[in-house]
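Here is a walk through one protein model, from its strands to its cores. Keep the structure open as you read.

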Amino acid sequence: MMNGNRNLCGLLRAYKSPLDATRLYLGRAICPEQFVQFLKTCFIPFKMSADENLISLMDCYRNRLREVIQVEPVLDYLDFIESDQKELILNKARNESNQLAADMLIDAVVRSEPRPAGRVRQFVDALSSAGCTYAARISDPDTLPSPAEEAENDYCVLLVLLMSPKLQEMKTAEVCRHCFEKRILTAEEQENVMAETQNRGNIGGARLLVKRLAKKPPGWFSEFLKVLRTTEHGDLVEELTGVREINDGPGSTHSTHTSLEDAVPHEGEKKCSDGHNAALLVNGVELSVETPVRAEDTDIVLRAYQMDVAKPALNGENIIICLPTGSGKTRIAVYVARDHLDRRRRQSLPGKVVVLVNKVVLVEQHYNEEFNKFLKTQYNVERISGESVLKMAVSDTLKTNDVIVCTAQILENSLLESEISFTDISLLVIDECHHTKKGGVYQQIMARFLEEKLKNIKRTKANIDVKPLPQILGLTASIGVGGATKQDKAQEHILRICANLDAVKIMTAPLEQQLKDNSKRVIMAKRRAKDPFGDLIRCIMRRIHDRANLRPSVDVGTQRYEQWIVEEEKEAAKQGDQRRRVCAKHLRQYSEALHQSNSIRMSDAYNFLLTFYRDELRKKRPTVDDGPAVRQTETEKFLFKQFEDTRGQLEELTKHPEYENSILTELRTSILKEFTRRDEVRGIIFTETRLSAIALHKWIQENRKFEDVTVQSSYLIGAGDQSVVKPMTAKEKNDVLKKFHEGDVNLLIATSVAEEGLDIQKCNVVIRYCLVTNEIAMIQARGRGRAEDSVYIVIGVEGSGVDEREKVNEWREKMMNVAIQVIKEMPRDLYNRKVKEYQLEAWAEKKFHNRRSAEKVKKKVHPSAVKLRCRGCDVIACEGPDIEVISGIHRVNLTDAFKNKFLVTNNSALREKPQQCEAEKVISCQACGHFWGPMMCHRKLDCPCLNVECFVVVVSGKEETFDSWADLAVEFAQFDFYSHATQFVFDDDEENL
C-alpha cells in the first residue's frame, strides 16, 4: 500500500490544483483506509494553506455535507455573508429544499473571491456552534471519522430510519429532554422538537427527533439507547438491538450484551433474536426481512366505531356501511365474513362468501391485503377475474372454497347462464356499492336478487318452501346524491340505493369519530395573455371546417365541441360523405391537441398530433412486405398538407416557454412546496385523461427541480382499450402500486382508476389537476390523503368552471350528509314502505326490460340482410353470412373473399392479453387503409376480428353506425373451429406436397 501511495503522490505533485489531485485520487477507486491516509498525509507536498485543505475535504464530502447541514442555524453564526445573500439561501431552504440551500451556502463560503485567510475555518466553527457537529467533523482532516466509524454510523442511521414507525410510539417530550441533557441534541433542536410535538402531536415530534438524530456524528446511537432505557422504553431498545432487555426490578434494566459492538450486528451479518429470518446489509446493499405468519397477524381487532357500524351485519341484517376512505370498511367486511362463516359452521350450515368489486385490480388487492391474509388459516379463499391464473368455472371454485373475491361481471355472467344461483351464496359483500344504480352490473345482480325475493313472498303465500337468499353487505365512502339539486331528491336517491341493496339500515360513524378532514386549497391559474400555438391550431381547424362545410356552434377545444364533432363524423359515415367524415376525424385530433395545450405542455400537444399523422401516413404507405401503397383522396392530401405546412411553426413555438400555460407553473410550485416542507411525501395527482397522465409524468421526469427534492413519479391509468394510448394491464398497475407502497415511487399521476377502492396508504398530498367531476369522485379523491397532516389541492384555470364545480360538489356533499341523517332518523314503517315501493318499481322495470329483450330476439334480423361497408370508403367489406362469433364476443371472418380486401400490419399498441386471444397484428382496408380490427390468434388459427365501430352497417338497405355489436339485433353463426382447422391442415399439406 505504501508503494502505491508514493507512486500516487508522485502523480499528484504534477498537478497544480490540489482539488484536481483529490479528484484523480478518488477516480482510482481507492479503499477508505487509503483515502483517509491520503487526506492526512498527501496534502503536505502541495504546501497548501489551512483553508485549501478544508476546501478540498469539503469538496470530497460535499454530498454528505448537503445531508447533515442545517442551513438556518448555521447562518446565524456567519457574519461575513451579506444579508441579501443570506435571505436568498433561506428562501431556497424554505421554498425548495434544505439540501439545495446547503449547496448555496457551501458555494458562498468556498467559491467567493477574494477569500480572506481563516474564513473557511470560521465556517467549520459555525457548523460546530450551530449543532451541526457531524458536518464540522467531516470538514476537518483532524477530526475526520475513521472508515469503521463511518460504516457503523451508516448502519445505525439506516436502522433508526427503518424503525421510525415503531419509534413514533415513544414518549417524545421525555426522550427529547433526556437527549438534550446528554448533549445529543442542541437547545434549538430540543425547542423545535418540543414545538412540533405540541403543534402536531407525539408522532409529528417523534418524526422530527428521528430526523435530527440521523444527522448526528458517530457515537450518538449508544447514547440514544441509554436515553431509551432511562425513559423506560426497553421494548424499543429490544427492537433496535435485537437483544432482550432483562428487568431485575425498579430501576434495574440491563441487556444480555454490554457493548454496542455486541448488540449491533456487523456489516453483512444476519442476526435476529426471535428466530425469524433477517438480513441487513449497509452501504447500498438491499435490506430484506422475511417473517413467518404468526397467530396474532391473522387476528382482527375492530375499533369502537367500526364495531358499532358492524353490529347489524353481525346480527345477520342487510346494511350499507358508509365510512370515509381509510376508515377500515374492508377490514369490517373481513370481520363480518369471518363471524358469518363461524356462525354457519357452528350451525352445521354451508357458508359461502362472495366479495364483489368493480375493478380487476381490486380483486388482487382485497384478496392479498385483506380476505386471504386474515382468513386463510381457517377458511379457503380464492379470487377470480379476467386476468386470474385460475381458469376454473365459478361453480367449481365456489364448491371448493369458502370465500371468493371476484369482479361483479363474472358473478353476473354465472347467474345469467344459471351456472350458480343465489342459494349457493350465504353472504354477498358489494364494494363501492354506490354503483348499484340503473344501468350498472351491480344493479343487474341485485335486480335478480329482488326478483328472487319477490318470488319468495309468492312462495310464502302459496305455502311453498322459500329459497334461501344471501345476506347483503354494501360498502361505500360516498353514496352521493345522484345529481340532485334539492334535499328531497337527494333522500330519494339514497333510498333507492338502499332499496336496490335491500338494506334495512345505512350505517355511519359519529362525525367526531371519523377521520380528520385534510386541509384544502383551491388554486386558479391566470389565463395566458398570448397563445400563438393555440391560435395556429384554431386557424388550421377553420380551414378544415371550410373544406367540409362544417359550422360549429360551440367553441373548439371544449367538451361540447368534442361531442358535436363525434356526431358529425357518425352522420357523415352513414351518409357515405367521406370528405366530411375524414375531416371530422382530423378535427377531433386538433381539438384534443388544443385541450392538451391548455393543461399540459405545448410539446405534448404537438407530439400527439405528430404521432397521429405519422400513423395515418403509415396506413397509406405500408411497408413493402404489407403490399402496395393505399390511394389517398384529395381531402386526405389536403389534411396532410395542412399539418406539414404548419408543422415547423408548431414545433418552433414549443421551444418558447413564455407561451406555456400558467397552470403548469402552479402545479410545479405546489409539488415543490409539499415535497420540501415534509420529511416524507406520498402524493397523487388526479387528471382527466390518460394522455395527460403520461405527459405529466414525462414532464416531471424531465424537470431537474423535481429531482432535487427527490420526486419519484409514475403514472397509473386504466386497462380499457384505446387506440391512442397503450392501456395498463393489471400486472403493470399492481407493480406501480407496489413501488408506491414501498416508497420507490412517491408521486402517482392517475386517472379515475385510483379514485375508488385502491388501498393507497400514507398518501399526504392529493392534487386534482384540471379535473372536477361529481361529489362522489371529489370525496373519493380527497380520501386518498389518509396520512396525518395531509393536504387536498384543486388546480384549475380562471374561467374554466373548476372552482365553481368544486363548490357545487361541497354543497352536494353537505346535502348528502343531511339526507343520510334524515333517513337514519326516519320512522321504521315509513322507511320500509319507501324501500318496498322502490323495489317494486325496480322489479317492474326489470320485467319491462325482459319483455323488450324477448321482443328484440323475435325481431332479430337474419345475417343475410346485413352488409358491412368500410367507414373510410365505399368498399363493401363483407356480408352477414360470412361472419362468425367466438365465445359470444368476437365477430370474425375467415373467408377467402374477405382475405383479399384487407392488409395485415403490426399492432403498434400491442399489450398483454390472455393466451387464447393474442393480437400482434391488425387488419385495415386495402383500398383506403382504414382500421378494421385486430388479427386474433384463436387456438393457433389466425382470425380477422371485426370492430363494428370501423364499419357502416347496412341492414336491409338502411345504413347505421354502432358502438357495440350488442346494439345490432343480428344472430350470427357460432365459430366452427373444426371446419376451419380441418381446412387449415389440408391447405398446409397441399403446399408441402
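**Strands and cores**

Start at Arg 869, whose bridge partner in β26 is Val 952. This is a predicted model. Lys 867 is bridged to Glu 879 of β19. Five residues separate β18 from β19, and the two strands make a hairpin. β18 is mostly covered, with four of its five residues buried.

Now move to the open sheet. Seven strands build it, with parallel pairing, in the order β7-β8-β6-β9-β10-β5-β11. β7 (381-384) and β11 (505-507) are the edges, each pairing on one side only. On average, neighbouring strands of this sheet are turned by 20° against each other, direction ignored. At the β11 end, β5 (residues 319-322) joins β11 through three bridges, running parallel. Ile 320 stands opposite Ile 506 of β11.

Next, the cores. In soluble globular proteins, nonpolar side chains tend to be buried together. The largest nonpolar core here holds 82 residues. Which members touch the most others? They are Phe 371, Leu 473, Leu 667, Ile 671, Ile 685 and Leu 696. Take Leu 667 as an example. Leaving aside residues up to four places away in sequence, Leu 667 touches Ile 685, Leu 696, Trp 699, Ile 767, Tyr 769 and Ile 795. A second core of 47 residues is separate, and its members include Leu 356, Ile 420, Leu 450 and Ala 503.

Methods. Residues are numbered from 1 along each chain as its sequence is written. This is a predicted model: local features need pLDDT of at least 70, side-chain atom pairs count only at pLDDT 80 or more; totals for chains, interfaces and linings use all residues. Side-chain values use heavy atoms; hydrogens and water are left out. A nonpolar core is a set of buried Ala, Val, Leu, Ile, Met, Phe, Trp, Tyr and Cys residues joined through side-chain atoms within 4.5 Å. Buried means under 20% relative accessible area, exposed over 50%, partly exposed in between (1.4 Å probe, protein chains only). Contact means heavy atoms within 4.5 Å. Two strands pair if DSSP finds at least two bridges between them. Axes are lines fitted to C-alpha atoms, for helices over the stretch in contact, and angles run from 0 to 180 degrees between N-to-C directions.
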